[in-house]
Amino acid sequence: MHTETAGYTIDMSFPVTYPDQPALATVLKRQRDQFIETVSEPPVRDVPKALGITPTSYASGPPDARTESLVLEEYVNVGGAHPETYYDALNYDMAKKASITFATLFKPGADPVAVLDPFVENELKNRLQGAPVDANPIGAEMYQNFALTDGAVIFFIGQGQWTIEAAGAQQVSVPRNELASILAY
């Protein structure tokens, strides 16, 4: 989908084969509407503004019990000093014909944040040496965007969510064996 006006450009790509099209349409509409509302608020600056959404698909499991993940990388430039990158991820259990959320990804009673925080924080500190990496500032909300693969759960962290914005958006792959005791999938 491409929209171009005098004030902004929107480019959204998405697969029509993702099994939960209503959920995908909801995310795309929300992102588009929020972007247009933001760039239309007075005073409107005469600078380029853009929203770009690019999909990446992931899958895990055997054909009869497959999960499909769709991660939307969202490039947002609302006319500020720097554009930003965020994520929206959708996950679907093909056998159950149901969405997989952060809450259903893990076994009932598990404390995934207690397991994930030390792993992800250490990974970010190793990757972003010199950048401040404090404790997870938003708890479970940090991990809402994820993708499932056969070997890992990949968490997508938007720009400025965990560390400084200059560090950019981050993807942290946590091996499934690190999460085996708490994963429901």
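This is a predicted model: local features need pLDDT of at least 70, side-chain atom pairs count only at pLDDT 80 or more; totals for chains, interfaces and linings use all residues.

Modeller: Residues are numbered from 1 along each chain as its sequence is written, and side-chain values use heavy atoms, with hydrogens and water left out.

Helix α3 covers residues 112-127; helices here are DSSP runs (H or I, at least four residues) and strands are runs of E of at least two, numbered from the N terminus. At 1.5 Å a residue, its 16 residues should span 22 Å, and the end C-alpha atoms are 22 Å apart, which agrees. The expected span is 1.5 Å times one less than the number of residues.

Pro112, Val113, Leu116, Asp117, Val120, Glu121 and Leu124 are the buried residues of α3. Buried means under 20% relative accessible area, exposed over 50%, and partly exposed in between (1.4 Å probe, protein chains only). Down the axis of α3, the buried residues fall within an arc of 125 degrees, so they line one face of the helix; the arc is taken from the directions from the helix axis to the C-beta atoms. An α-helix has 3.6 residues a turn, so residues three or four places apart point the same way. The cover over the buried residues of α3 includes α2 (102-105), β8 (152-157), β9 (170-175) and α4 (176-179).

Elsewhere, isoleucine 10 lies in strand β2 and counts as buried at 1% relative accessibility. Valine 16, in the loop between β2 (9-12) and α1 (21-40), counts as exposed at 66%.

Key:
Contact means heavy atoms within 4.5 Å.
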